[in-house]
Amino acid sequence: MPPRRKAAASASAAPKESPPAKKQKASAFDDDRLEVPVIGGSVVYIGAGLLTKIPAEIMAKDSGIKASRYVIISDTNVFPLYGQKLIDAFTAAGVTAIAFQVPAGEFSKSRENKAAIEDFVLQHKCQRDTCFLALGGGVVGDLTGYVASTFMRGVPVIQIPTSMMAMLDSSVGGKTAINVPAGKNLIGSFHQPRRVYADMDLLASLHAREIDEGLAEALKMGLIRRQSLFELMEEHVDAIRSLDRTLTASVVHQAVSLKAEVVALDEKETGLRATLNFGHTIGHAIEGLASPQLLHGECVSIGMVYEAVLARDLGHLDPSAVGRITRVLKSYSLPVDIPKEYLRVPELMGKMTLDKKNAAGKIRCTILTSIGTSIDEPQPVERDIFERILSPRLTVLPQPAGKVGGTVHVPGSKSISNRVLLMAAMGKGATKITGLLQSDDTQVRRHHTETCGGLRQ
């Protein structure tokens with residue numbers, strides 16, 4: 001089962017070598033925070049100590065948020081930690097806020113809970129001058145955003161993510177949804193939050209596993225959009241996992257900024273924005289079978305490895321990149337293989353056929369071309385290719401009658417490949433090498449040999 005939050009914790013002190021993130025003045029209330037404009041006036045604020053300042057900020061005349069009723073939606077894990085602090089901050093600002101809690105867990109993102117929230121606010125006579133505040137992780141954020149998008153035909157929503165995953169992903173960009181028996185996030189709408197408050201202090205209550213699964217989202221953004229972000233996370237694993245204040249703010253700021261760029265170009269996910277689902281085509285299918293035993297980011301981590309293998313097999317990604325991606329994911333204690341108990345290819349394929357990126361009956365997938373770049377929109381991939389990648393073993397057929405002809409390309413030997421590279425470097429003239437084994441060892445040997453000038457392409 002997924003871990004529960006700790007009652008209290010503290011972030012580690014920042015090491016001296018941590019690269020600082022640029023800071024911008026966000027408002028008159030606090031000039032020690034980062035700001036990311038998204039689209040349509042939606043803004044993300046990243047900093048510390050933001051929670052209790054939210055009521056005064058959104059009630060200010062220049063906030064652009066016209067509301068007289070405030071409804072806090074949270075869950076039974078998060079509300080005991082932060083809910084009363086937020087309510088007290090509203091009271092101090094001269095307003096009484098009301099709150100509704102849903103059970104913690106993915107199953108709360110349902111039609112039943114959406115209706116329960118709507119009935120609750122109607123019983124309290126809330127009207128169009130209502131503002132919703134989502135205090136929680138991705139489940140609470142998606143559910144609250146969807147309620148806000150349909151209540152009285154749309155009212156403002158403020159996102160206050162309390163998980164690493166929600167800060168980096170679900171709170172930004174305006175995608176809202178609930179789950180249904182047929183699949184995850186299949187019913188929903190686009191409804192931009194007026195503001196997102198990514199308060200670094202709220203991460204202190206997370207367990208290590210919850211931090212790691214959220215960081216999978218930042219690694220994903222580095223893989224598809226910015227090599228330097230991936231390399232930053234590759235280099236500072238321990239500090240980032242320990243919630244180093246400066247590094248964490250930099251990672252969140254970069255990942256959110258990259259997502260904001262994509263959302264501004266393709267708000268309704270008609271092409272480019274769909275590439276943000278790298279790792280999700282296979283990851284969502286795994287999650288449909290493995291939740292709640294595996295967390296969302298853990299399923300996406302596995303999906304990223306398999307989809308990197310897909311890109312390699314299709315000839316778009318250098319084989320060495322697959323090993324590097326796998327190593328970095330492992331360094332964040334993220335899984336990279338589908339657990340055997342969930343490796344049921346027909347069921348996984350059934351889940352994948354319901355993916356929202358699909359079109360014209362084809363499964364579409366984000367294709368990585370290098371660490372830091374991907375094809376601008378998801379590409380159709382034949383079903384049998386997915387099945388081959390997901391299959392844990394080869395099927396040996398009985399020997400047919402008559403002779404069998406064909407050519408089998410046997411993988412190269414690592415030890416022979418390294419020796420051949422060395423011999424080629426020492427020899428005179430041009431040497432053509434074929435059939436090298438694609439492995440980390442041979443890639444390192446080839447790189448250093450080329451660097452020393454002993455080998456030419």
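**Exercise 1.** Classify F90 in this predicted model as buried or exposed.

*Solution.* Start with the cut-off: buried means under 20% relative accessible area. F90 has 0% relative accessibility. F90 is therefore buried.

**Exercise 2.** Determine how the rings of Y70 and F90 are arranged, and which parts of the chain they join.

*Solution.* Count the aromatic pairs: the structure holds four. Take the one formed by Y70 and F90. The ring centres are 5.0 Å apart, and the planes meet at 35 degrees. Planes under 30 degrees apart would count as stacked and over 60 as edge-to-face. The pair is therefore tilted. Next, place the residues. Y70 belongs to strand β3 (residues 69-75), F90 to helix α2 (residues 79-92). The pair therefore ties together parts that are 20 residues apart in sequence. Finally, check Y70: its relative accessible area is 2%, so Y70 is buried.

**Exercise 3.** Work out the geometry and the location of the pair F132 and F151.

*Solution.* The ring centres of F132 and F151 lie 5.9 Å apart. Their planes stand at 80 degrees, so this pair is edge-to-face. F132 sits in strand β5 (residues 130-136). F151 sits in the loop between α4 (138-150) and β6 (157-161). The pair links distant parts of the chain, 19 residues apart. Both F132 and F151 are buried.

**Exercise 4.** Find which charged residues lie over the rings of Y45 and Y146.

*Solution.* Take Y45 to begin with. The charged end of R33 sits over its ring, 5.1 Å from the centre. Now take Y146. K114 lies over the face of Y146, 4.7 Å from the ring centre.

Note on methods: Residues numbered from 1 in each chain as written. Predicted model: local features only at pLDDT ≥ 70, side-chain atom pairs only at ≥ 80, totals over all residues. Heavy atoms only, no water. Phe/Tyr/Trp six-rings, centres within 6.5 Å; stacked < 30°, edge-to-face > 60°. Helix = DSSP H or I, 4+ residues; strand = E, 2+ residues; numbered from the N terminus. Buried < 20%, exposed > 50% of the residue type's maximum accessible area, 1.4 Å probe, protein only. Lys NZ or Arg CZ within 6 Å of the ring centre and 35° of its normal.
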